Amino acid sequence: MKWFGKPIKRKIDPRLLRGGGRYVADITVPGTLSAAFLRSPHAHARIADISLEEARGLPGVVAVYGPEDAVDFPYLPLLFPHASLTPVTQRPLNRTVHHVGEPVAMVIAETRYIAEDALDLIDVRYEPLPAVAHLEDAIRADAPLAHDHLGSNLAARFTQSIGDAKAAMQAADVVVTQQFQIGRVSCLPIETRGLLALWRDEGTNPALEVYAATQNQHEMRSTLARLLDLPERQVRVIAPDVGGAFGAKAPFYVEDFLVCWAARQLGAPVRWVEDRMEHMMSCIHEREQLHEASLGVSADGKILAVTDAMLANTGAYVPWGIIVPLMTSTLIPGPYKVPHYFCDVQVLYTNTVPLAPFRGAGRPQAALILNRLLDQAAQKLNLDPLEIRRRNLIQADEFPYRTGLLSRDGSPQVYDSGDYARLLDEAVIQSDYGGWRQKQEEGRRIGRQIGIGTAVAIENTGFGSFEGATVRVETTGEVTVLTGAATQGQGHETTLAQIAAEVLDVPLPQVTVCQGDTSLITYGTGTFASRIATITGTAIYKAAQAVKEKALAIAACKLQAEVEMLELAQGSIRLKHDPARCLTLAEAAREAKGLYPGTTYSLPVSPGLEATEYFAPPAAAVTSMADIAVVEVDPASCEIKILQYTSVHDSGRLINPLVVNGQIHGGIVNGVGTALYEEVVYDRRGQLLTSTLMDYLVPTSCESPELTVAHIETPSPLNPLGVKGTGESGTIPVPAAIQSAVEDALRPWKISVDRIPVKPSYISQLLGGRSAAAAVDRGGAE
């Protein structure tokens, strides 16, 4: 039965559509208490005094904890250290707060309502300290310090380089330079963060059981065990249904520690579910960077050199190190041949929410830089923006392609496979690029400002370190897959089942995938970096192959035949020349368990028709995409409307095209939010100005454009499935393509668009009251 490549509907959807989802807030344990957190209204302050007694006296309050209870609390561990990083991680209930929204006290009560009332009874006297929030302020020599013990706000400084960019730039026929200001965004999953912790002190083996909305339950288990001084065998973390994550649920937060610590202290279950305002002011943000970038090209448009000076905001702490600016700096060359490159990166602490990977994780910023510089160079050379891209794309016969840079783990950065020219050609066809150029000319004659933007980008997917899977054939013939993957809506239950069903040649409904529980498999890494299909999928493939080999060996013994004479088909192992002589997988599973106690086990395989395998990829599988956006800008209202959006992807072999398209559709809309609407804004004192969804705009169905999505397939040689990741790739080119299209629409005004998001207020500022007619009169129209 062929399941690989089929557009199978997601197995989970009927249950969720019928209201059968089971999220952290749905889990009922008798005696569960509720936690709530008092959060700092200051961006930087020292707690001079805090009074908890009135809150402790409120009926229904079980406990109140503040800084005096936290003197022995450890700092959160640093993930992803880097040689250039001066790390500062968060300490629970610290007496000094470093951003608005940082917890300063925790109430445990019989209900959330009582806990919230108790927060109002806590009296805190703060000594405000100087705060810094904006990158341009943080870099100043006389800037307020985000952390008093540091000599500056510099968290890290490093460079990336290929060749001699300075000399190559001097030899260029054309040099273009542009600043790029990229705004900050929130992850904003529908389900906010939350966890339910139970301390089971029974007998000689007490244990902590945690239900958490998390992307990486194994990492959470390891961190909790370390912070609570427990062996990992005494900590179990379960991710039930998780309503979206996008990076928000990958870091370990102080609330995760505090809720689990309180459950152990009180010997009672404790639950906390983040509200939306808490999410905006305490859950990680991403994207915010400033760039000053230059591109040098020859007279025929060939890239000679690229340079970039980057400022990246890491907020108050480094929960995931400096992964985001690292990713940006290594991927600015993207799918293009860049012989000389230099990037200087400064990562800065500010008194704002920490930044960590969000869908795309530094790659949308990277895709913006060179694609937009190519637009500027094309205009100077009077070339079509598509043509200058074609002249610089890495060619299909150049793979594997060594960029000359180092990946984030320090290994050489190599692109495994692709056909970027064919990808772009397919995007041109799918979008009717030539037809839109004609419509653009016709529209301008009647005052319609239509713009077309293009971006070609890549995503290095499937980062390690590893994932594992157990595949088991039950005595009923059903197949169980156990994995460390934690789904947040990607459809793993379907795609991973398709892999096992294909190898074992069984009906798809016969395969059950169990995931998101540290008790299922000993080791795991997590669901992020578009890695599950490539890494977990390969582990399942390897385990299923091992089960197949065991089944063939059992059948060879029972049917008295050589293994080479057998085949596995339709759930049975049969003789190739005599299919009637067979052993079903169910029968093989029963044989593998031993017939009954006391009998000699004589099979030539280990007991149980199951196998556990791990897969650690040797490198990242590189997904690529070519996007073409068509927009219309109304010069009067400055409204931006997306008329058409086309995206062509190379995600290697597609396990399930329906699921892949769903991921890409969601990713594109996410990118539209980054490009046009979403921006977390702080004032210069670190006060959050966008704390609700009335202030922070996200695209709804009304703003989501009609999408054309198509695929080419160049299999990855890095895994036996030939797959590449696709969870984040839809997002990556969108800001570049849309910003390019908006600038193209405003070509009559000769305006340079350099901010993300591109908002009507920004367009109005650029236009400065100038009319389209005046622009045409000046000869600005094309």
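Where α17 touches α18 in this predicted model, Ile 668, Gly 671, Val 672, Thr 674, Ala 675 and Leu 676 of α17 meet Val 734, Pro 735 and Ile 738 of α18, with contact meaning heavy atoms within 4.5 Å. Sorted by class, that contact has 7 nonpolar, 2 polar and no charged residues (Ala, Val, Leu, Ile, Met, Phe, Trp, Tyr, Cys and Pro count as nonpolar, Asp, Glu, Lys and Arg as charged, and the others, Gly among them, as polar). Helix α17 spans residues 657–677 and α18 residues 734–745, and the two pack at an angle of about 50 degrees with axes 8 Å apart. That makes α17 oblique to α18. The crossing of the pair is right-handed.

Then there is the second largest pocket, which holds about 670 Å³ of space. Its lining takes in 32 residues, with Arg 408, Asp 409, Phe 463, Gly 464 and Ser 465 nearest the centre. Two or more lining residues come from each of α9 (323–331) and β19 (412–415), and β19 gives the most, with 4 residues. By class, the lining of this pocket has 18 nonpolar, 10 polar and 4 charged residues.As for terms, helices (H or I, at least four residues) and strands (E, at least two) are DSSP runs; axes are fitted to C-alpha atoms, with angles from 0 to 180 degrees. A pocket is an open set of 1 Å grid points where a 1.4 Å probe fits, with protein on both sides within 12 Å along at least five of seven lines, and lining residues have an atom within 4 Å of a point; volume is the space filled by the probe spheres.

Residues are numbered from 1 along each chain. Local features need pLDDT of at least 70 and side-chain atom pairs 80 or more, while totals for linings use all residues, and side-chain values use heavy atoms, without hydrogens or water.

Technical notes:
Angles under 35 degrees count as roughly parallel, over 145 as roughly antiparallel, 65 to 115 as roughly perpendicular and the rest as oblique. A crossing is left-handed if the near helix is turned anticlockwise from the far one by less than a right angle, and right-handed if clockwise.
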